[in-house]
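Welcome, and thanks for taking a look at this one with me. Please have the sequence and the 3D view open side by side as you read.

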Amino acid sequence: MTSTLDENIALVLHKIDDLRLEPFPVSEPKDGEVLIEMQSVGICGSDVHYWKWGAIGDFIVRAPMVLGHESSGKVIKVGPNVKNLKEGDRVTIEPGVPCRRCDFCKTGRYNLCPDVVFLATPPVHGSIARYHTHAADFCFKLPDHVSYEEGAFCEPLSVGVHACRRAGVTIGSKVLITGAGPIGLVSMLAAKAMGADTVIMTDISQSRLDFAKKIGASHVILADKDAQKTAQIVIETLGCMPDISIECSGAESSIQTTFYGTISGGVVVLVGLGRPLASLPIVNAAVREIDIRGVFRYANCYPAALSLIASGRIDVKPLITHRFKINESVQAFEMAESGQAIKVMIQCGNEVQH
Ligand code: NAD
Ligand code: ZN
């Protein structure tokens, strides 16, 4: 270990409500790996959830774990047999590294690999640190004009790209997106970039809807408690039923709205992860031949997400509402938890981030 690496610090979650910035070991890059000086890391809802609840479903924080998985940085050392990167390259880091050998991996659906190693998912450490070692083939070189923060944003944007691909968004699509949090917003941006004609969004927060409208949603609607009523307002506003609905809140009533609101023969994509069981109008969906599709993270979406940003077809910068230095990480998490922010970025390094 070099002296620089001895100075590594990371944001470690010890237990619920106990986040500490502390020295943390980092490994030398092995075969196919690169050592990265971290620059920007965005805070995801899951990071906040682990901090406040100690678990997401079956993923339970049983030992101290570094948080963060929406990240970018600069390659400072290259391990043996790395062909795609060199020292000094600026990269965005795809956080889930699958086994590359199972049927899911071999058929391209590597997000379903049972052996995927995904940053900041217990027991795997995340990337809010000064240094992080990563598989080089899951790092993508940033063009010079793409900032580190935009690079970090490739992670949530990849969820939006994957959701739209799963939904079959194409030229002329009329899309309903329920939930205008970061994931709903990137799904809206991806849908528009992929040719959607109209994107209508719902939320229970007027300020989130105002923001969605400002950055490009065609219409926004305050969700009613009554899911059928919300669906009706969506249909009246659009003048037709959406052919695709992308559920991005996890709320039961919101999933119901997507079932009631989507046109017969259309597609509902479930991105939001709420309670494990929900009561849904399943016969309605069945007799109207609505295809219900799941979404788990993404596969093969980083290059597309990066090119959408690099080409200017998607501007993620307005979504970055707050910035903190790594030594202010706890404040950064408090801001993310407050609900006032859209995306909070942590600056881990000293390079220009945005
Ligand atoms: P978020 O909590 O910031 O956003 C959720 C939004 O939904 C909020 O703005 C909230 O006001 C709104 N909402 C709540 N109840 C609603 C209702 N009844 N109708 C309409 N809107 C409602 O979360 P996020 O980071 O944007 O993530 C959204 C969801 O996607 C979460 O459930 C998250 O766990 C999930 N997610 C899933 C994947 C995946 O791979 N499937 C990946 C990332 C995130
Ligand atoms: Zn695999």
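The points below go from the domains to the ligand and then to some backbone details.

1. A word on the source before we start. This is a predicted model, so please read each point below as a description of that prediction.

2. Begin with the overall division. The protein splits into domain 1, made of 3–141 + 316–347, and domain 2, which covers 160–294. Domain 1 is therefore written as two stretches of the chain, with bounds that come from an automatic or database domain assignment. Taken over C-alpha atoms, the centres of domain 1 and domain 2 are 29 Å apart.

3. Now look at where the domains touch. Domain 1 gives 4 residues to the contact, and domain 2 gives 4 residues as well. On the domain 1 side, 3 of these residues are nonpolar and 1 is charged, with no polar ones.

4. Next, find ligand 1. There are 28 residues around ligand 1, and those that come nearest are G179, G181, S249, G250 and A251. Sorted by class, this shell holds 13 polar, 12 nonpolar and 3 charged residues.

5. Which elements supply at least two residues each to the shell around ligand 1? They are the helices α5 (182–193) and α8 (252–261), together with the strand β14 (198–203). Of these, α5 provides the largest share, with 3 residues.

6. The peptide bond that runs from P122 to P123 is cis, and its omega is near 5°. You will find P123 in the loop that links β10 (117–118) to β11 (131–135).

7. N81 sits in the loop between β7 (70–78) and β8 (90–93). Is N81 buried or exposed? N81 is exposed, because 10 other C-beta atoms lie within 10 Å and the cut-off for that class is 12 or fewer.

8. Finally, visit E289, another residue with a backbone detail to check. E289 is not a glycine, yet its phi is positive, at about 50°. The loop that holds E289 runs between α9 (282–287) and β18 (291–294). With 9 C-beta neighbours inside 10 Å, E289 also counts as exposed.

Definitions and conventions. Residues numbered from 1 in each chain as written. Chains lettered and ligands numbered in written order. Predicted model: local features only at pLDDT ≥ 70, side-chain atom pairs only at ≥ 80, totals over all residues. Near = placed C-beta within 6 Å. Helix = DSSP H or I, 4+ residues; strand = E, 2+ residues; numbered from the N terminus. Nonpolar A, V, L, I, M, F, W, Y, C, P; charged D, E, K, R; others polar. Buried ≥ 20, exposed ≤ 12 C-beta atoms within 10 Å, placed from the backbone. Contact = placed C-beta atoms within 7 Å.
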